[in-house]
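Work through the exercises below with the sequence and the 3D structure at hand. Try each task before reading its solution.

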Amino acid sequence: NPDQIKKLNELAALPPEKQKEELPKFLKTLTEEQIEFLKSQQGNNECPLCLIVEGKIQARKVYEDAEVIAALEIHPASLGHIIVFPKKHVAVISQIKDVGNIFNAVNMLTKVIFETTKAQGTNIIIASGKAAGQHLEHATINIIPRYPNDLIKLGWQKADISEQEIQELQKEITKNIPKKEEPKREIRTIK
């Protein structure tokens, strides 16, 4: 509508830092169809994973269904390293409404990797956001087969967090988890 177009033009005139702050608020006012339309108007789609989905870039696909593609990683950490991603462009896994299909695919592919490569373990890695090491702005799950002496190093230094901070965080997290609706039970009278 004209008000939304006006607001979008105002956002485009803002400095990049302010755009990052204001754009999410604006996007919440749009329908999914409006968001998809805006994405289609952005011109050249440079996301390599979207280009794979569109068939414009070849990939060594090992699995594909209506929602997911899995392909051998072009810069593998080990033999059999697979990248799994949704066909629909989403920046991070938490933007997928129902993750069941993608995780079922990961589970199935992990079993196949064990059988095919004789790996002795796997790491399943999801990096959401640049701070977590995400390199593409398209959600991915990496399945990395592990072998003895493979030289892959994963780990972290223990953070200095007090017991009180942990307890407070536990309360905040549990408070913010959406409540599941109980199924409604129909009561029938027997005559």
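The exercises go from the whole chain to single residues. The model is a predicted one: local features need pLDDT of at least 70 and side-chain atom pairs count only at pLDDT 80 or more, while totals for chains, interfaces and linings use all residues. Residues are numbered from 1 along each chain as its sequence is written, and side-chain values use heavy atoms, with hydrogens and water left out.

**Exercise 1. The chain as a whole**

Task: Find how many helices and strands the protein chain has, and in what order they come.

Solution: 
- Step 1. Helices (H or I, at least four residues) and strands (E, at least two) are DSSP runs, numbered from the N terminus.
- Step 2. Counted in this way, the protein chain has 6 helices and 5 strands.
- Step 3. Their order along the sequence is α-α-α-α-β-β-β-α-β-β-α.
- Step 4. The radius of gyration of the protein chain is 22 Å, well over the 16 Å that the globule rule gives for 191 residues, so the chain is more spread out than a compact globule. The radius is taken over C-alpha atoms, and the rule is 2.2 Å times the number of residues to the power 0.38.
- Step 5. Along the principal axes, the C-alpha atoms fill a box of roughly 65 × 60 × 55 Å.

**Exercise 2. Burial and contacts**

Task: State what percentage of the 191 residues counts as buried.

Solution: 
- Step 1. Buried means under 20% relative accessible area, exposed over 50%, and partly exposed in between (1.4 Å probe, protein chains only).
- Step 2. By these limits, 26% of the 191 residues are buried.
- Step 3. A contact means heavy atoms within 4.5 Å. Among contacts between residues at least 6 apart in sequence, 51% join residues at least 24 apart.

**Exercise 3. Salt bridges**

Solution: 
- Step 1. A salt bridge is a side-chain nitrogen of Lys or Arg within 4 Å of a carboxyl oxygen of Asp or Glu.
- Step 2. K61 is partly exposed at 38% relative accessibility, and E64 is partly exposed at 40%.
- Step 3. A network of salt bridges links K61, E64 and K87.
- Step 4. K175 is exposed, with a relative accessible area of 55%, while E172 is partly exposed at 38%.

**Exercise 4. A loop histidine**

Task: Decide whether H138 is buried or exposed, and list its contacts.

Solution: 
- Step 1. H138 lies in the loop between strand 4 (121–125) and strand 5 (141–146).
- Step 2. With a relative accessible area of 0%, H138 is buried.
- Step 3. Apart from neighbours within four places in sequence, H138 contacts C47, L49, C50, F85, P86, K87, K88, H89, V90 and A91.

**Exercise 5. Positive phi**

Task: Give the phi values and the places of K118 and N149.

Solution: 
- Step 1. K118, a residue other than glycine, has a positive phi near 65 degrees. K118 is in the loop between helix 5 (100–117) and strand 4, and is exposed at 60% relative accessibility.
- Step 2. N149 is not a glycine either, and its phi is positive, about 60 degrees. N149 is in the loop between strand 5 and helix 6, and is exposed with a relative accessible area of 77%.
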